[in-house]
Number of protein chains: 2
Amino acid sequence: MNIITISREFGSGGREIGKRLADALGWAYYDKEIEIGIARRMNMDENFIAGAIDRSVTANIPLHFGRTIANSYAMKQQVDILVEKQRVLEEFATASDCVIVGRAADVILSEYEPLKIFVYADMEYKINRCQGYAEVGENPTRREMEKAIKKIDSGRMKYHSMFLDADWGDKRHYHLCVNTSGIEIKKIVPAIAQYARCWFDNQNK
Amino acid sequence: MNIITISREFGSGGREIGKRLADALGWAYYDKEIEIGIARRMNMDENFIAGAIDRSVTANIPLHFGRTIANSYAMKQQVDILVEKQRVLEEFATASDCVIVGRAADVILSEYEPLKIFVYADMEYKINRCQGYAEVGENPTRREMEKAIKKIDSGRMKYHSMFLDADWGDKRHYHLCVNTSGIEIKKIVPAIAQYARCWFDNQNK
């Protein structure tokens, strides 16, 4: 199977690239399906899973509680989620060619040799993009938005570092890094799809 | 005019990407032509220019001589070369659509808003590639090769830092970063050419 993983800075349009890329290639697309899959397997609420999946195993455990108490309930639950997540991702990865957005799938599925893409953009562009998504009545300032973006990306970095001793976003870890600043994403996706086809042709020869 | 600048780690195949990209797009390609152009303008040897162009202005001047002696002959010559280089690059940039490899053209021509591509690869791949280029009788060890690659890239980084307060190779400074590890370059160039077309369509709309 051919797998593309999309890691992305919040607000860079990585999810849109992933979705359009899957459409362009005619491949399966996995995003929130990952939490839904875990929630079903664990008989838990998918929103709880979505929250837990973005945090490192130790992040929810009060410091005074000590990280050494490995069998604490909270930590055990986080580890269980991780185990199920790996199973769900492997299920997707072996079912058909697919594009997976986020969830450290680039590392968790590394033995499947995915094409690893990182999507990033200038802060200015990310703020504009996020403000475009704000709902009526929500009027975050640019400063608030920047703070939120940085916080979310910091969480993604920490989560990623649980699995890999490399900086999230370090270009050496990816095959292609795409800067979406000022770019209309739907215009560049056909080229990324062609890149992916060439890349897999090369790998599978 | 549309300009693509290729910055690249030594041994990553950036030059090959640049040449093939120019061919695929039917654009002019500039590489050694830059030194030839400067040498003609300054009535100097192009090999001397090639050596000088890879070093920072102050690199050739003995430390005890002091960097403050700005009108020293050696420094003046380096500055003259820089000035001519800028003129040659601008001449190329305004003549026709083109691909320019290295020479900090990404920064020197930044007001022309080039598509800035960075090409990189794992050390293993770069060493293999460089060994493939070694001539008969030259048998550099992998260790020697790695040392040479690091030295050359360190020089490129220093040269770049004369013009821009950003790390050479930092993905934020580029629009697209391509990891060529294990890739047959001619297979991915059509996709990069398509990416460039989409990118310029977007910019020129």
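**Legends to close-up views of chains A and B**

**View 1. A:Glu9 and B:Arg172 form a salt bridge, with 2.1 Å between their closest N and O atoms.** A salt bridge is defined here as a side-chain nitrogen of Lys or Arg within 4 Å of a carboxyl oxygen of Asp or Glu. Two salt bridges are counted between chain A and chain B. The structure is a predicted model, in which local features need pLDDT of at least 70 and side-chain atom pairs count only at pLDDT 80 or more, whereas totals for chains, interfaces and linings use all residues; side-chain values use heavy atoms, with hydrogens and water left out. Residues are numbered from 1 along each chain as its sequence is written, while chains are lettered from A and ligands numbered from 1 in the order in which they are written.

**View 2. The interface buries about 2500 Å² between chain A and chain B.** This buried area is the accessible area (1.4 Å probe) that two parts lose on being put together, summed over both. Carbon and sulfur atoms give 49% of the area. A:Lys171, A:Arg172 and A:Tyr195 contribute 22% of what chain A buries against chain B, more than any other three residues. Contact, meaning heavy atoms within 4.5 Å, joins 29 residues of chain A to 29 residues of chain B.

**View 3. Polar contacts link 19 residue pairs across the interface of chain A and chain B, both residues being at pLDDT 80 or more.** A polar contact is a pair of N or O atoms within 3.5 Å; within protein, one must be able to donate a hydrogen and the other to accept it, and residues adjacent in sequence count only if both atoms are side-chain atoms. On the side of chain A that touches chain B, two or more residues each come from β4 (115-120), β5 (176-179) and α8 (185-204) of chain A. Helices (H or I, at least four residues) and strands (E, at least two) are DSSP runs numbered from the N terminus. The largest share of this side, twelve residues, belongs to α8(A). By class, the side of chain A that touches chain B holds 15 nonpolar (Ala, Val, Leu, Ile, Met, Phe, Trp, Tyr, Cys and Pro), seven charged (Asp, Glu, Lys and Arg) and seven polar residues (the others, Gly among them).

**View 4. Strand β5(A) pairs with strand β5 (residues 176-179) of chain B in the antiparallel sense.** The pairing runs over three bridges, where two strands pair if DSSP finds at least two bridges between them. A:Cys177 has B:Cys177 in β5(B) as its bridge partner.

**View 5. A:Ser7 lies in strand β1 (residues 3-8) of chain A.** A:Ser7 is buried, with a relative accessible area of 6%; buried means under 20%, exposed over 50% and partly exposed in between (1.4 Å probe, protein chains only). Leaving out residues up to four places away in sequence, A:Ser7 touches A:Asp106, A:Ile117, A:Phe118, A:Val119, A:Trp168 and A:Tyr174.

**View 6. A:Glu111 is placed in the loop between α5 (105-108) and β4 of chain A.** A:Glu111 counts as exposed, at 63% relative accessibility. Its C-alpha atom is 26 Å from that of A:Met75, 36 residues apart along the chain.

**View 7. B:Ser96 occupies the loop between α4 (73-95) and β3 (98-101) of chain B.** B:Ser96 is partly exposed, with a relative accessible area of 26%. Apart from residues up to four places away in sequence, B:Ser96 touches B:Met1, B:Ala28 and B:Tyr30.
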